[in-house]
Each structure stands twice: as structure tokens, then as C-alpha cells.
Amino acid sequence: NTGAVSKSAAVVLTKRAGVAPADALAWAESVRAHLVASGFKSVGPVTDLSACQAKVACLTEKWTFRADGWWLAVEVGDLVDEKLVAVKLLQKGAEATPKLSVKAQGTDATLGALLTKQLEPVLKALEEAGVPRDRAPAVAEPVKQEPVVVAPPPAPVKREPPAWSRVWWLPAAVAVASFGAGLGLLLSGYADSDQLRDPTKRHTTAASLALKDSGELKQGLAGGLFGLAGAAAIGATVMLVTQLSPGVALVPTRSGWSLAFALPLD
């Protein structure tokens, strides 16, 4: 960094916080590349002094300045969803007091363009300070800006209902038949009871007992058939809903069986 007559400028990575070394160095290198593309051809490779964490004593010990040299201290930090890049313009002999300080904050997709815009006053200050600049520079490329790649949405997965749900009509038929048979037995049992209580009809003791037993038996059987019809109807409903919507299933639990619903989020 000695021996040249004209003033010089250098880019130094002085601090990184929460950012991988390679990523921080890449941002510093993108700042240097933008300076070169903007006409400052003499800017050399980036020097990584991020271990100093911007401490002036450490930086002055490890970095050799030219008497008329300028250096751009680059600091890179992570802000969870965004990154922050700060650039400070300093001169030999006044390391602790930046002549100019700029910063840009954004995501990897937007930070490059924001930083490019913020560097404009730095370019002007370097030129005014006498750092050689080619006034017909190549087109300056934006500072590191990675393209945003949007992944295509996943193809919908067609879920087939379980095979057992296809015969939902079988318990439905059992429910209808059981209900019909139970209703018939219940009405017949009521008829026996009414016949037993009819004062116009005289029955022997044996006939009366037979009618009573028959009525009670028919009503008891009707109750059982109604229970069977209800259970069969519930089973048929579960099977039909599962057939129409594979996201519903009957699953075993410690206390019996439960309906499980899987609702799509997309």
C-alpha cells in the first residue's frame, strides 16, 4: 500500500454479527465490485479484518494505511428476516471519525439495490477527495442481489378412501330392516297389551298370561332391534362420510372409537 503518488481507496470488512464469514465477505466484495464498476479501478481485493469487530485499536494494528489513503469499513449484521450492511468512509489518521457513513437494510432479494443507491454519496466523496476515477466507467452492476426463486406449488395428492367404506350400504340396509322389524314387533306387542286390557273380551288365566308374556317379549325384542338399527345407522353414516371425504376416519381410542377429521390447509 505504499509508493504510489495518487490517493488510493481500499475496502475492509471490519465487523460481522450473526452472518457467516463467507456471506459477510461476499457483501464486502460486492461493495468493492461496485466501486470498480463505477470507475474506481485502483480499489484492490477486500481485506477481512472482521475478527476485530470494528475495534479501532485492533484495526490500526492489523491494517497498514497509506498517508493519503482512504478506506471503506464494511459491517454486516443479521436482523433475523433481513440483513444490515453499513459502509463507513475513513482516512488515515482519523480512523475513529468517519467522513461519511451509509447503511442499507433489507432481504437478500432487495438489499443489493438499496445498498447500490446508498453508495452514491460515498462514490462522490471519494472522487472529491482525489481518488482516481474513470469518468467513462463500465455500466455499474447492482450490489449482490440474488434472484428470488419461487418454487411451484406441489401437485395435489388425490387421497383414495379406504376399501371398507365402499360397502356403507350394507349397515344402512341392516338399519332399515332392523327398524322396520322392531316397529312391527312394537306395534304387535302394544296390540297384545290392548287385547289383554279390553273389558269386552274374556280370557282364561292361561290366555291372559300368554298375551302378557307375548306383549312383553315383542316389546323387548323391538327395543333390541331399535338399538341395532341405531348402531347400524351410525356405522353407515361414518362409512358414507369417509367414502365422500377421505379426510374422515374412524379410529380406535382407549374408551372406544372416535371420528378423526383431517382438514386440508390449502
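First a term: a disulfide is a pair of cysteine sulfur atoms within 2.5 Å.

**Ground rules.** I'm working with a predicted model, where local features need pLDDT of at least 70 and side-chain atom pairs count only at pLDDT 80 or more, while totals for chains, interfaces and linings use all residues. Residues are numbered from 1 along each chain as its sequence is written, and side-chain values use heavy atoms, with hydrogens and water left out.

**Entry 1: the disulfide.** I searched the whole structure and found 1 disulfide. C52 and C58 are the partners, with 2.0 Å from S to S. I looked up the turn about the S-S bond too: at -60°, the link of C52 and C58 is left-handed. Are C52 and C58 buried or exposed? Both C52 and C58 are buried. (Buried means under 20% relative accessible area, exposed means over 50%, and partly exposed is in between, using a 1.4 Å probe and protein chains only.)

**Entry 2: the whole chain.** I got 6 helices and 7 strands for the chain. These are DSSP runs numbered from the N terminus: helices are H or I with at least four residues, strands are E with at least two. Reading from the N terminus, I wrote the order as β-α-β-α-β-β-β-α-α-α-α-β-β. The chain has 266 residues, and 31% of them count as buried. Then I checked contacts, meaning heavy atoms within 4.5 Å. Among contacts between residues at least 6 apart in sequence, 64% join residues at least 24 apart.

**Entry 3: two helices crossing.** How do helix α1 and helix α3 cross? The axes of α1 (residues 21-37) and α3 (residues 111-118) come within 11 Å and cross at roughly 45°. The axes are lines fitted to C-alpha atoms, for helices over the stretch in contact, and the angles run from 0 to 180 degrees between N-to-C directions. So α1 and α3 are oblique to each other. (Under 35 degrees is roughly parallel, over 145 roughly antiparallel, 65 to 115 roughly perpendicular, and the rest oblique.) I also noted that the crossing of α1 and α3 is right-handed. On the α1 side, the contact is made by W27, V31 and H34, and on the α3 side by L111, G112, L115 and T116. I sorted the residues of this α1 and α3 contact into 4 nonpolar, 3 polar and no charged. (Ala, Val, Leu, Ile, Met, Phe, Trp, Tyr, Cys and Pro count as nonpolar, Asp, Glu, Lys and Arg as charged, and the others, Gly among them, as polar.)

**Entry 4: single residues.** I found S178 in helix α5 (residues 169-197). S178 counts as buried because its relative accessibility is 6%. Leaving out residues up to four places away in sequence, S178 touches L225, L228 and A229.

P121 is in helix α4, and at 38% relative accessibility P121 counts as partly exposed. With residues up to four places away in sequence not counted, P121 touches L100 and V102.

V80 sits in the loop between β3 (70-79) and β4 (82-91). V80 is not a glycine, yet has a positive phi of about 65°. Its relative accessibility is 73%, so V80 counts as exposed.

Definitions and conventions: A crossing is left-handed if the near helix is turned anticlockwise from the far one by less than a right angle, and right-handed if clockwise.
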